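Hi everyone, thanks for coming. I'd like to walk you through a structure that may be new to you, so please have a look at the screen.

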Amino acid sequence: MTGPRLEIDLDKIGHNARTLVADSAAVGISITAVTKALLGLPALAVVMLEAGVVALGDSRIENIETMRAAGIEAPMVLIRSPMPSQIPRVVDSGVVSANSELEVLGLLSAQAVRRGIDHGVLLMVELGDLREGVMGDRLLGVVARVLALPCLELRGIGANLACRSGVVPDALNMGHLSDHADAIEARFGVEVAMISGGNSANLAWALGSRSRERSRINNLRLGESILLGREPLGRTPIDGLFTDTVTLVGEVIESIRKPLRPWGNRAQSAFGEPTGDDPTSDERTRRPAACNSGWQTIVAIGHQDTDPAGLCPAEGHQIIGASSDHLVLATERRMPPGAEMSFQPNYSALLRSATSPFVGLEVRSS
Ligand SMILES: *Cc1c(COP(=O)(O)O)cnc(C)c1O
């Protein structure tokens, strides 16, 4: 394979998934594995299902269709509200979809009726992060509508925190979600089967000891924690999980001794501020050895391939800048053109690399 590539260790990711499935099962929580960061890669989906997740979740109908086309028949959840223009595909794919808009629910119902199939609904509730979700004081009204619309089945309720505003899942907001489930059951005499509390940011609350008492949350949708072994609130490694699951590999195209400081009049660069620590503004004492060597190395990776700010190079090298197609590093020695350099991507860099048509994907086993 030539050009930049993502190397994915599915054995390590499988271990992460098995560990999180077991830890969550011990507290009564099932796992929906979120596949969007790898665009619904079927090999990943298979590993997740073997690890014991109850469903696959993805935000894009395209990724759901990729998995269905690969023969994966497991329960799937479209974790972003359907676009009105994609509703026929959503209904045909046999997913349960996350919803918060009455108009979209009406369109789903009409299409499900046309196709003569039932469509499952996970009703999202706003708990304060101010992204998707029905406002709590309107929830019972929306549930009444879902129950009245033909060919829609209320499968459960869900919430999503820590994504737009960084609101932390805790006993209070998770308690509110549990209370909403109670209220729906009391009012309508239906069972709210799935109560999906959130994403990887919920793990500290879910697996922490006391705060979960009497909670009705019985599902979490996990992506980053399985794929990268980290919790997203502070990006700290989760005990017992692998964090070295994915590597972005790129190729050196220039390595020349250059000064650290640019010369000439300066204005904006292509992407505003330089990426990474600007060694020109560092105090000499804190400057890494890599910068003192004078070797500036360019790897053929840029913003069009990844999020450069989310890359961590190997020890001894430092990223000092990036533009569309160039990743500029201070390296401790000359790196010959054609040499490969490896980087650990964070979630943002992984997502962008997996989505770039210029980056290959190589599945490896450890
Ligand atoms: C992406 C996403 C997830 C998974 O989030 P992670 O932090 O990667 O675990 C869960 N739910 C929704 C609605 C999402 O969009």
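I'll start with the domains, move on to the ligand, and finish with the aromatic rings. One thing to keep in mind as we go: this is a predicted model.

So, how is the protein chain divided into domains? The domain assignment gives domain 1, covering 10-228, and domain 2, covering 246-364. Taken over C-alpha atoms, the centres of domain 1 and domain 2 are 37 Å apart. The two domains do touch: ten residues of domain 1 are in contact with eleven residues of domain 2.

Now let's turn to the ligand. There are 14 residues around the ligand, and the ones that come nearest are Lys36, Ser200, Arg221, Gly223 and Glu224. If you sort that shell by class, you get five nonpolar, four polar and five charged residues.

Which atoms of Gly223 and Glu224 face the ligand's oxygen atoms? For Gly223, a polar backbone atom lies 2.8 Å from an oxygen atom of the ligand. For Glu224, a backbone N or O atom is 2.7 Å from a ligand oxygen atom. Arg131 uses its side chain instead, with a polar atom there 3.3 Å from an oxygen atom of the ligand. And how much of the ligand does the protein bury? On its own the ligand exposes 390 Å², and the protein buries 93% of that.

Last stop, the rings. If you go looking for aromatic pairs, the structure holds zero. There is a charge over a ring, though: Lys12 lies over the face of Phe242, 5.4 Å from the ring centre.

That's my tour, and I'm happy to take questions.

Conventions. Residues are numbered from 1 along each chain as its sequence is written. This is a predicted model: local features need pLDDT of at least 70, side-chain atom pairs count only at pLDDT 80 or more; totals for chains, interfaces and linings use all residues. Side-chain values use heavy atoms; hydrogens and water are left out. Rings of Phe, Tyr and Trp (its six-membered ring) pair if their centres lie within 6.5 Å; planes under 30 degrees apart count as stacked, over 60 as edge-to-face and the rest as tilted. A charge sits over a ring if NZ of Lys or CZ of Arg is within 6 Å of the ring centre and within 35 degrees of the ring normal. A residue is near a molecule or strand if one of its heavy atoms lies within 4 Å of it. A polar contact is a pair of N or O atoms within 3.5 Å; within protein, one must be able to donate a hydrogen and the other to accept it, and residues adjacent in sequence count only if both atoms are side-chain atoms. Accessible areas come from the Shrake-Rupley method with a 1.4 Å probe; for residues, only the protein chains shown count as cover. Ala, Val, Leu, Ile, Met, Phe, Trp, Tyr, Cys and Pro count as nonpolar, Asp, Glu, Lys and Arg as charged, and the others, Gly among them, as polar. Domain bounds come from an automatic or database domain assignment. Contact means heavy atoms within 4.5 Å.
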